[in-house]
Amino acid sequence: MRSSARHKRFKLKSEINVVPYIDVMLVLLIIFMVTTPMLNSNVDVNLPQANAKSMQDKKDPVIIAVDQGGQLYLTLGTEKRQPVDVATMKLKVGAFVKANPQVSVLVAGDRDGKYDGVYQVLADLQQAGVAKVGLMSAPESGSKK
């Protein structure tokens, strides 16, 4: 009899205390509000230089050069460098790569130019059907061989 009386006296509660959860959520909200602006800060990037070997191809590569102003220049195989617009570059490079699938396609960007110009050329080459594209650079100035 004692157990049944005690059992009635200590009834189970079927509700959850959500106050601690609300406190934790508010603290997390404040932390995210403080740290998010710090993630978008600009950082100066000093790109490394390397003594990488130059590529040795049997065929002359296709070179697309982007100057500081964003103008494109195209060199197909042994032809001379010529200024082109985006549509012409897509057509010529796409056709050349389809005819010679093993040819290397390189993009040369001006050191003082905007990255946007090089990025746009990479996107245009992808649309033209070029699967592999390399970035061209000048050899390190103080290297010894």
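Which residues does Asp 124 touch, not counting residues up to four places away in sequence? The points below answer this and go on from there.

1. **Basis.** This is a predicted model; local features need pLDDT of at least 70, side-chain atom pairs count only at pLDDT 80 or more, and totals for chains, interfaces and linings use all residues. Residues are numbered from 1 along each chain as its sequence is written, and side-chain values use heavy atoms, with hydrogens and water left out.

2. **Asp 124.** Asp 124 touches Val 86, Met 89 and Lys 90, leaving aside residues up to four places away in sequence. Contact here means heavy atoms within 4.5 Å. Asp 124 sits in helix 4 (residues 115–127). Asp 124 is buried, yet has no salt bridge. Buried means under 20% relative accessible area, exposed over 50%, and partly exposed in between (1.4 Å probe, protein chains only). A salt bridge needs a side-chain nitrogen of Lys or Arg within 4 Å of a carboxyl oxygen of Asp or Glu. The nearest side chain of opposite charge, Lys 90, is 4.1 Å away. For charge, Lys and Arg count as positive, Asp and Glu as negative; His and the chain ends are not counted.

3. **Overall fold.** The protein chain has 4 helices and 5 strands. Their order along the sequence is α-α-β-β-β-α-β-α-β. Helices (H or I, at least four residues) and strands (E, at least two) are DSSP runs, numbered from the N terminus. Of the 145 residues, 19% count as buried.

4. **The core.** The largest nonpolar core has 17 residues; Val 62, Ile 64, Met 89, Val 93, Val 121 and Leu 125 touch the most other members. Strand 1 (62–66), strand 2, helix 3 (86–99), strand 4 (105–109) and helix 4 each supply at least two residues of this core. Such a core is a set of buried Ala, Val, Leu, Ile, Met, Phe, Trp, Tyr and Cys residues joined through side-chain atoms within 4.5 Å. Beyond four places in sequence, the contacts of Met 89 include Ile 64, Val 121, Asp 124 and Leu 125.

5. **Thr 75.** Thr 75 belongs to strand 2 (residues 72–75). Is Thr 75 buried or exposed? Thr 75 is buried, because its relative accessible area is 16%. Thr 75 touches Pro 61, Val 62, Ile 63 and Arg 81, again not counting residues up to four places away in sequence.

6. **Met 33.** Met 33 is in helix 2 (residues 19–39). Met 33 is exposed, because its relative accessible area is 55%.
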